[in-house]
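Please look over the model below before reading my points.

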Amino acid sequence: IQRRIDAVPAGKYDAILLGYGLCGNLLKGLRARHTPLVIPRAHDCITLLLGSKERYQERQAERVGSYYYSSGWLECRQRRGADSSPAAAAFQPMRADAPQVDEAARAELIRKYGDDGATYLLATMSEWTQHYTHGALIEFDFARARRLGEQVREICQRRGWEDEEVRGDLGLLQRWVN
C-alpha cells in the first residue's frame with residue numbers, strides 16, 4: 001500500500017482515499033508525502049458495510065460470535081482458491097467453508113515445517129473459528145442476483161454455525177467519498 005501511495009504524483013489528486021478499516025493495524029505507519037491521506041475512522045470493514053459504528057456495535061451485542069461475509073469477501077475467496085497454495089488458501093478467512101485442512105495442504109506444511117511444526121500451525125491457524133457461532137451475509141441489492149446467501153448457508157452448515165442475512169448500508173462509504 002505504501003508503494004502505491006508513494007507512486008501518486010504530487011498535485012495529481014485532491015486526496016488519496018483508503019477504503020480500509022483499522023483492524024489488524026494494516027494501515028499503521030502509512031504516510032503520504034504531498035497529498036492528504038483520508039482513511040475512514042472505522043474499526044473494520046464491517047462498520048463500513050453496515051453503515052455506522054452504532055449499527056456495528058448493535059449487531060455485535062445482538063449476535064456475539066458472528067462472522068460476516070460480503071460479496072467482496074466471497075468473490076475474493078473464489079479467486080484466491082485458484083491462485084493460492086493449498087496450505088495458504090486453507091487459512092484465509094475466505095476459506096472458512098473448509099471444515100479442515102485437506103491432505104494436500106497438510107503435506108505441503110509437513111514438507112516445509114516437519115510433522116510437529118505442521119501440527120502446531122494447523123492447530124494455531126484454525127483457532128480463529130472457535131469463537132464464531134453465526135455466519136452473516138451482508139446483503140446488498142446489487143449482489144442479490146449472485147445468490148451469495150446460498151454459499152454462506154453452505155459454509156455455515158459445514159461449520160455448524162447458524163446463518164443469516166443482514167441488510168447492508170453503503171451510506172457511511174458514500175459520506176466518506178463525498
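1. **What you are looking at.** This is a predicted model: local features need pLDDT of at least 70, side-chain atom pairs count only at pLDDT 80 or more, and totals for chains, interfaces and linings use all residues. Residues are numbered from 1 along each chain as its sequence is written, and side-chain values use heavy atoms, with hydrogens and water left out.

2. **The parts list.** The protein chain has eight helices and five strands. These are DSSP runs numbered from the N terminus: helices are H or I with at least four residues, strands are E with at least two. From the N terminus, the order is α-β-β-α-α-β-α-α-α-β-α-β-α.

3. Of the 178 residues in the protein chain, 36% are buried. Buried means under 20% relative accessible area (1.4 Å probe, protein chains only). The chain exposes about 11200 Å², and carbon and sulfur atoms supply 50% of that area. Such areas come from the Shrake-Rupley method with a 1.4 Å probe.

4. Three strands form an open sheet in the order 3-4-5, with parallel pairing. Strands pair if DSSP finds at least two bridges between them. The edges are strand 3 (66–69) and strand 5 (162–167), each pairing on one side only. Neighbouring strands are turned by 30 degrees against each other on average, direction ignored. Axes here are lines fitted to C-alpha atoms, for helices over the stretch in contact, and angles run from 0 to 180 degrees between N-to-C directions.

5. **One pairing up close.** Strand 4 (residues 134–139) pairs with strand 5 in the parallel sense over six bridges. Find alanine 136: its bridge partner in strand 5 is glutamate 164.

6. **Helices on the sheet.** Helix 3 (residues 53–62) packs on the sheet and touches strand 3, strand 4 and strand 5. Contact means heavy atoms within 4.5 Å. The direction of helix 3 makes about 160 degrees with that of strand 5. Helix 7 (residues 148–159) lies across strand 3, strand 4 and strand 5, at about 150 degrees to strand 5.

7. **A face on helix 7.** Which residues of helix 7 are buried? They are Leu148, Gly149, Val152, Ile155 and Cys156. Seen down the axis of helix 7, its buried residues fall within an arc of 125 degrees, so they line one face of the helix. The arc is that of the directions from the helix axis to the C-beta atoms.

8. **Where helix 7 stops.** Glycine 160 follows helix 7, and its phi is positive, near 80 degrees.

Terms used: Buried < 20%, exposed > 50% of the residue type's maximum accessible area, 1.4 Å probe, protein only.
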